[in-house]
Amino acid sequence: MIAELGLALLWFAAAFALLQLFTGLLSLREAGAGFAESVRPVAVMQGVLVTLSFLALIWLFLRTDLSVLLVASNSHVDKPFVFKLAGTWGNHEGSMLLWVTVMALSGAAIALLERRLPERTMLATLAAQAFVSLGFYAFLLFSSNPFTRLEPAARVGAGLNPLLQDLGLAFHPPTLYLGYVGLSVAFSFAVGALMTRQVGPQFARAMRPWVLGAWIFLTIGITAGSYWAYYELGWGGWWFWDPVENASLMPWLAATALLHSVSVLAARDALRIWTIMLGVVAFSMSMVGTFLVRSGVLTSVHSFAVSPERGSFILALLCLYIGGALVLFGLRASTVNEGKQFAWSSREAALVFNNVALTAILGIVLVGTLYPLLTEAFGVRVSVGPPYFNPVGAIFAFPMVVVMAIGPLLRWREDRFARVGRRMIAPVAIFAIALVAALVLAPGIGILPLLGLALAAMLAVASVLPVLGRNPRRVKLAVWGMVVGHFGLAVALAGMASNAAFTTERLAAAAIGDTVAVGPWDVTLSEIEPIAGPNWTALEGTMTARYRGGAPVVLRPQARNFFSPPTATNESALATRWNGQLYAVLGQEADGGRWQLRLWWKPFVTLIWIGGLMVALGGLLALIGRVIADWKQRAIRVRLAERREYREAQP
Amino acid sequence: MTRSILAFVSLWLAAAAPVAAAQDSMPPAPYAYTQLDDPAQEAEAQALMETLRCVRCQSQSIADSDAPMAGDMRSQVRMRIAAGEEPEAIRAWLVDRYGDYISYKPELKPLTWPLFAAPVVLAALAALLLRRRFRKGARTGGDVA
Amino acid sequence: MSAPTPGRRSRWTIWLPLALFIGFVALVAYGLMAPGERDVRSAMVGNPLPQFTLPAGVEGTPGLSRADFTKGEPRLLNIFASWCVPCAVEAPQLDTLAAQGVPIDGVAIRDRSEDIAQFLDRNGNPYRAIGKDDVSAVQLGIGSSGVPETFVIDGEGIIRYQHMGPIMERDIAQIMSEWRKAKEPL
């Protein structure tokens, strides 16, 4: 019953989306102005219906209703509760339903809350939003129905991919989807504004919270995904430039550029067309990412459940949305006012530089990811990996870090470099000190880690200058957000460079009782014994690790075998200190009763993810700051309007 | 990482038997999981291995794969480095055998120059599009149609 | 202020993103329609077999070295292992080829002599010689990326053809014709 109800609700929601599209479009014409009143309620209704449909699917998964095909093929009666829940979106159909649900809820939220935009742009935005949703409804209803019944019902269920039976990963994909959906809202705003040609600070302020929100989720998603790959893949790497990783990085790069250009538009009414363009690009990157992950056109270590048929569907949606938006852009962009100009020495100019660099990095990632596909068309197979992405990316990333250090110190519109130069003395000195220190401490250090460390030190100092010496309570929350975000990036960069420069690796075959040294650690293998989990068996090694002969830390890495489906994984064990992580993996049995151990000492590696989370926190502070400020402004406007009305009412 | 290799290997082998049992029981090649004694040589080998693609895995370097063949390739790389061979010579030796696919480091040649030109072109293009946003002289900004 | 006229801005640059996007779509649509090969083919086809000498894999069958491939007669070089399930699947086809007079040499990858002997007892022994390759040296040397794989080597020791995966019934004709072709020098 619940499955049929869920499907019916999904159909109704799709019908409301269609209604939202048509009423929205009609109301833009004079003849259809009467429909304008109904667009917002329809959008809210669509959100409610699809949410109920998604709740129905969650219910089916929690009950493990094995008469539903999706549940039977992705869940298992013995699975722990939280993974039954995560099973709802740990598959293609469920994740698409989650996507459309969040999208419809966002639409409902805009319909209920957004009052700053000119009404026509608002209606156009909701129509665009409905148009995007409809594609996903069609995808779900015609090709990926999550509520299909299974006759006869399965007895136990096939089980979730053991890879996905991990708390971090259970919540990693939905985090990214929330980011993607946020970008789809930004896209709808961009398309709406293009339709009515009303691009200005009001539009930027309406769009900004969605961009910020999406960007926060993307940042968390990428950070968490990287940490997951780090501890799960068992070789100590945290980023592989794998197509799936790149697919999640590209929307983030575009969103970062958008975030900064939307700030220029909101504050200074400049970069109008560029911002619209980035709004389209950011969403198209999330669609491209989804396409690359689901279609299987590129091989990836993280790929699961790829299907060319789904790939074609996503590609069709991509053409429809992005192709359509770009045609609209071509037709309308030349009639949109470009906005204000600014001097070379201004904060706008620094942000423009940042946008150009981010665009270039985005280009590098996109081209590098797709290049093997291109050469394959010419019959040659190539691989593009870290030796391309790292140095070529750094060519643009490092200058960007320098500008990141200077930019926030510059004034809007026009400034004197001499004034800023004085404030940059300390950061530049730190840069030089860090450079020399790294060269002395690690003589053989590579050029990229060396510059990375020095630039990180410089940015860390420079990023706090905008608030230094000011009363912390009088600094706007959004400024705090910027400071924390930029500082976080410096921290992450330091972690990356430190990991690249100072990691020590030790591979050893050890018998029980043997002690192996790695960096400052002594690791003793004390025991190996078989253990069993709910749906796996494993060999667990017990190791005692001492940092410089200090107190022992117990590590328990496992070599796990899952039974349904049969898969083997390595569960690494980590010992975290303030200054780095010891990473231990239990390998195969070697001759003579010994075991292969893989050990790494990674100084300050945790800074990568701490920095990533700080960047996200910066975004959160900025978001809260902006929303509160907008709220206050709105209250002021309302009060002013009331007062005016009152005065006018007086004789 | 192991799981995806095993999944892939099992696909290739079309093995119905339990996956782990389909693996060989031989000890790995001598330098598959053993480092070279000379830290400088080991660092050289490690840097090279990180840029060589495991042919039996999906998108992994031989430096982070548990596939037996990746182990054999690591052993081969370490033995050659220990024998004094240059890393780029070893890369060339492997490219001769498996094609460019084996190396994650694209070489600059007719087929790959767009890979290096594209970012420059993109940055130039973005700069070109934004260049007219800048104002000459020290006048206050105004609207430009 | 050098204010450009609105007309000047409706230039080609406005349409550039669309052009890039169309290029992208064309590329990935091609990728979807013609899914690339997942196997990594050897780049050694057409090149001489590298030097190698392998000890005998089982008692009673000789070991293998490059010299065995330069005796003027084309041969098959079969990469196999006792632990590899598809190798057992292709065994009857190798027997058929051997029965038709095709000389076959085996290279056993990461294997033990007793396991190889057992495998041959169970699946038949089509090999004239079996070399034991414990570190995949020959496999890497000829650009093979898995087991089983079969190479046609001509009488001068030049690699002429690579067959990836198990030889099935339907592949026999192709292998036979490649083997016959290898009788003519390049």
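**Note on a predicted three-chain model**

1. In chain A, strand 9 and strand 10 (residues 580–589) run antiparallel and are joined by five bridges. Strands here, like helices, are DSSP runs numbered from the N terminus, with at least two residues (E) for a strand and at least four (H or I) for a helix. Within this pair, Ala573(A) stands opposite Ala584(A) of strand 10 of chain A.

2. The model is predicted: local features need pLDDT of at least 70, side-chain atom pairs count only at pLDDT 80 or more, and totals for chains, interfaces and linings use all residues. Residues are numbered from 1 along each chain as its sequence is written, while chains are lettered from A and ligands numbered from 1 in the order in which they are written.

3. The two strands of point 1 belong to an open, antiparallel sheet of four strands in chain A, in the order 2-11-10-9. Strands are taken to pair if DSSP finds at least two bridges between them. Strand 2 (504–510) and strand 9 (573–577) of chain A are the edge strands, each pairing on one side only. On average, neighbouring strands of this sheet are turned by 15° against each other, direction ignored; axes are lines fitted to C-alpha atoms, for helices over the stretch in contact, and angles run from 0 to 180 degrees between N-to-C directions.

4. Chain C holds an open sheet of five strands with mixed pairing, in the order 5-4-3-6-7. Strand 5 (129–133) and strand 7 (159–164) of chain C each have a single partner strand, so one side of each lacks a neighbour in the sheet. Strand 3 (residues 75–80) and strand 6 (residues 149–153) of chain C pair in the antiparallel sense over five bridges, and Arg75(C) stands opposite Ile153(C) in strand 6.

5. Helix 2 (residues 36–62) of chain A has 27 residues and reaches 41 Å from its first C-alpha to its last, close to the 39 Å expected at 1.5 Å a residue; the expected span is 1.5 Å times one less than the number of residues. Just after this helix, Thr64(A) takes a positive phi of about 50°.

6. Helix 1 (residues 2–27) of chain A packs with helix 2 of chain A at an angle of about 160°, their axes being 8 Å apart. The two helices are therefore roughly antiparallel, a term for angles over 145 degrees. The contact between these helices has 22 nonpolar, eight polar and no charged residues. Nonpolar covers Ala, Val, Leu, Ile, Met, Phe, Trp, Tyr, Cys and Pro; charged covers Asp, Glu, Lys and Arg; the others, Gly among them, are polar.

Terms used: Parallel < 35°, antiparallel > 145°, perpendicular 65-115°, else oblique.
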